[in-house]
Amino acid sequence: MTTDLLFSGADWDFGRLRRTYDAIEEIAKGEIGLDTYPNQIEVITSEQMLDAYSSIGLPLMYKHWSFGKRFAQDEVLYRKGMRGLAYEIVINSSPCISYIMEENSMAMQTLVLAHAAFGHNHFFKNNGLFRQWTDARGILDYMEFAKDYITHAEERHGHQAVEQVVDAAHALMNHGIHRYPRKRDYDLSEELRREKERVAWHEQNYNDLWRTVPKHEATTQGSKELAERKQRLNLPEENILYFLEKNAPKLQLWQREILRIVRNISQYFYPQKQTKVMNEGCATMVHYHIVNRLHEKGLISDGALMEILHSHTNVVFQPEFDDPRFSGHNPYALGFAMMGDIKRICVEPTDEDRAWFPDIAGNADPWGTLRQSWADYRDESFVLQFLSPALIRKMKLFKVHNDADQPTMVVSAIHNERGYREVRKALARGYDVSQMDPDIQIVDVDLAGDRRLILSHRVTNGILLDEAESILVLRHIANLWGYEVRLIEIDAETERTLREFEDVAPTVTLG
Amino acid sequence: MNVIDRRLNPKGKSLANRQRFLRRARQQILKAVREASGDRSITDIANGESVSIPMDGLREPGFHRAGKGGIRDHVLPGNRDYVEGDQIARPQSGGGEGGSESSPDGEGEDDFHFLLSKEEFLDIFLDDLELPDLVKKNIRQSESHSMARAGYSTSGSPNNLNLVRTMRNSLSRRIALRRPKPEAVALVEAEIHLLEESGDAPERLSELRLELERLLARSRRVPYIDPLDIRYNRFEPVPKPVTQAVMFCLMDVSGSMTEHMKDLAKRFFMLLYLFLTRRYRHVDIVFIRHTHEAKEVDEDTFFYSTETGGTVVSTALTEMKRVVAERYSPGDWNIYAAQASDGDNTASDNHRAAEMMEDVILPLCQYFAYIEVGAEYKDWLGRETDLWRAYKGVARPGGVMAMRKVRVRSQIFPVFRDLFAKDRAPVPTGGEP
């Protein structure tokens, strides 16, 4: 049996990596049915790992002081031993690049290969959000372009001029995303079909009574002029960077291009923000199954398995709410627990599961079900769909309602029959992107008058913006726009103005 | 699957980012570094430091929701005994319990800590300081020469032959003069051989033979390498600036010098040393301590062993003169000296010391700094020490000598900067900084 082992001892070499990769691939493709981009494994040193950290995980990145700052920060934490480095970084590109560290033992490399090169890779290739928003084949070329462009801009216009634009763009990074699918080209036959359908529907549902209902006089949106202006500028616009890139009156071409670059990078990372739980859950689920199968097949030793499981349990550790280590839900833990639970529901469902998940309970195809969920969901919808009562009980989830106007917080739901749905809904809400970033839109600009740009924040649940920071961001917007900027916070439900920031004027002249 | 070994890729990929970061934070870092130097040992500083700077100007702002206020729902794991409807007191820190609402990038702290390498630290620490009149003296005093590349020449020794140039010339000459290529000759020879074997086409054969002869003749006439082609690397002697310096540390160790005063002196010496090592490839240090007699000693003895006796400053100057004459010829070495003393001197020696300074020491030196150290709490305003008065006559405007008084640690660096600042005032005789 020992002769079957892929490796023994801690040292790795390229031959062992390759043998192990092949063994993993057999399980990943054969048993789990994963479908991946071609893999490229790159071995790097810890210093290079720190480098990769600081450039938000992309192998190519333009130069900016904030990356230097991040590097300095990580370096201190790492050198003082306060934080270990990640064992791997994986990039959503084709071929899918996984960075693995030379310090890892062979057992760890096995784990990393299964986790990144198969788990994450499959998720990148198959998840709907990634398919819709990112171009895995083009990202590295685009980054190459971006890096060169900014380097040339620095040479031509000076470091400082470029830095000012990039600083401003970074401040607006989260507001440089198109959140809705782009328009597709029209397909004539499709249009005809739809037209016919609409007519048919109209004829079926015709009711003469509607004719008698009095019509509204005018729009409630204010004057006709305002409506026209908004129409012309495509307002309201929530993609602030896009709006500035296209409409800021003073910017020069290269400055617009930089805004575009930052916007595109932000867009590229948009799906990752929405799928942390699923992405990590998928990768963790995959590596857990693969290393156990490797062990069952006698390909890795007991010792190697123990080492792998040791770091696996560290990764999926979820401290409880009153633990000093608690800092929110651990996406690895939640994702892994939910996916394990789905597997259980598919294979050995209880009556409760049959009632809650009639379409997957007992279908005896756990991997098929998981693959389906990896492809079609994001964190929010995944939790909303698949968080089972059994898991809520197991994790002892409870919901706390915190209203700043009340003297105390209230436990509004716990893990019982009455609370399951509420807990599940609230947890899912927490992963909703519209909940993560405040809803800020450009609502008006007076082009003929003082050219003041007006932004509004639609406040939900009475949570206002952080004032000091918002003023800094407004200053960046003003610098890009070239004229004054005003921000108004409006309650989304009552349309009441909650707070009005003072007009912020540009401090430097760009363009 | 491809496995690529990236470990040998060039290092320091983020160096450019780091430089941008340091440039951005320059003012804050400068301040932190200067402050750090006030109360820490200079040897420690030189080993690279963890500095901590305020976050101003380094924040990366974004639109974020405030940490407080409004209505929030949190889902938390690990319920023990809460049931629906329980009231929980709000934790002191505010809305932090949700975890998801905590500071977005973990930078809630006001200060930012990071490590500066030794090089970076010194760059910032000694920024905008300059050695006085360095360039002028160097060139005047340099006596050694080094050879530097200076184009090509047609004559030279074989070991300087530049193959690439030579072959390039040869190639272009061969093309210009249409020297037949060896392949062309071989081709004709092969065809002749073939025709000789078969015996066909005798006319063609004789034609080819003529052709071959012509080719060979031309090859002989146009040589492969002609003496005309040959080029040599040319070197020219350039005067080499003196890149070595010696630093003399002179210190009074008589009983009147307290530990505190010695500490001040040591700090000043260390600073000067650091500064010199950045300007010169090689820096020697000579320690001379004196009471009523002077001796060259090693560093430990210099700073730590105690000696009793009177105070005769001129003995140290004499000793320095001896060492210079023995080992450091002023033509080859840049000589710097720093003297630290509490200002006491035997009354009869003051005149002699000033005279020696004027006639012997200052002409040798690139720069001579006299630091008068005082007790921390002693009020010495209004009274000039004997030595100070004596030296004052020597240190004339625009000269190589400067003198300063230092009483507490925090004054060391300002005094040092004052002495070496680029736009140094031409009259370095001021009293207390």
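I began with A:Ile24, which touches A:Leu113, A:Ala114, A:Phe118 and A:Ile290, leaving aside residues up to four places away in sequence. I note at the outset that this is a predicted model.

**Entry: nonpolar cores**

I next looked up the core to which A:Ile24 belongs. The largest nonpolar core holds 154 residues, and A:Ile24 is listed with A:Ala169, A:Ile258, A:Val286, A:Val423 and A:Ile477 as having the most contacts inside it. Helix α4 of chain A, residues 106-126, gives the most to this core, with twelve residues. I also found another core of 66 residues lying apart from it, with B:Met320, B:Val394, B:Ala402 and B:Val406 among its members. As background, I recorded that nonpolar side chains tend to be buried together in soluble globular proteins.

**Entry: strand β1 of chain A**

I asked how many residues of β1(A), residues 39-44, are buried. Five of the six are buried, so the strand is largely enclosed by the rest of the structure. I then traced the pairing of this strand. Six bridges join β1(A) to strand β3 of chain A, residues 96-101, and the two run parallel. Within that pair, A:Ile44 has A:Met101 as its bridge partner. Four bridges join β1(A) to β1(B), again with the strands running parallel. Here the bridge partner of A:Gln40 is B:Asn2.

**Entry: a sheet built from both chains**

I looked up the strand order of the open four-stranded sheet and read β3(B)-β4(A)-β5(A)-β4(B), with antiparallel pairing. Which strands stand at the edges? They are β3 and β4 of chain B; each has a single partner strand, so one side of each is left without a neighbour in the sheet. On average, neighbouring strands of this sheet are turned by 30° against each other, direction ignored.

I then checked individual pairs. Strand β4 of chain A, residues 398-403, is joined to β5(A) by three bridges, and A:His401 stands opposite A:Val410 in β5(A). Strand β5 of chain A, residues 408-413, is joined by three bridges to β4(B), where B:Ile88 is the bridge partner of A:Met409. I also noted helix α19 of chain A, residues 420-430, which lies across β4 and β5 of chain A together with β3 of chain B. Its angle to β3(B) is about 110°.

**Entry: domains of chain A**

I took the bounds from the domain assignment, which gives domain 1 as 2-127 + 275-309 and domain 2 as 349-434. The centres of these two domains of chain A, taken over C-alpha atoms, are separated by 29 Å. Eleven residues of domain 1 are in contact with ten residues of domain 2. On the domain 1 side, α4 and α12 (276-296) of chain A each give two or more residues. The largest share, five residues, comes from α12(A). By class, this side has six nonpolar, four polar and one charged residues.

How values were computed: Residues are numbered from 1 along each chain as its sequence is written. Chains are lettered from A and ligands numbered from 1 in the order in which they are written. This is a predicted model: local features need pLDDT of at least 70, side-chain atom pairs count only at pLDDT 80 or more; totals for chains, interfaces and linings use all residues. A nonpolar core is a set of buried Ala, Val, Leu, Ile, Met, Phe, Trp, Tyr and Cys residues joined through C-beta atoms within 7 Å. A residue is buried if 20 or more other C-beta atoms lie within 10 Å of its own, exposed if 12 or fewer, and partly exposed in between; C-beta atoms are placed from the backbone. Two residues are in contact if their C-beta atoms, placed from the backbone, lie within 7 Å. Two strands pair if DSSP finds at least two bridges between them. Axes are lines fitted to C-alpha atoms, for helices over the stretch in contact, and angles run from 0 to 180 degrees between N-to-C directions. Domain bounds come from an automatic or database domain assignment. Ala, Val, Leu, Ile, Met, Phe, Trp, Tyr, Cys and Pro count as nonpolar, Asp, Glu, Lys and Arg as charged, and the others, Gly among them, as polar.
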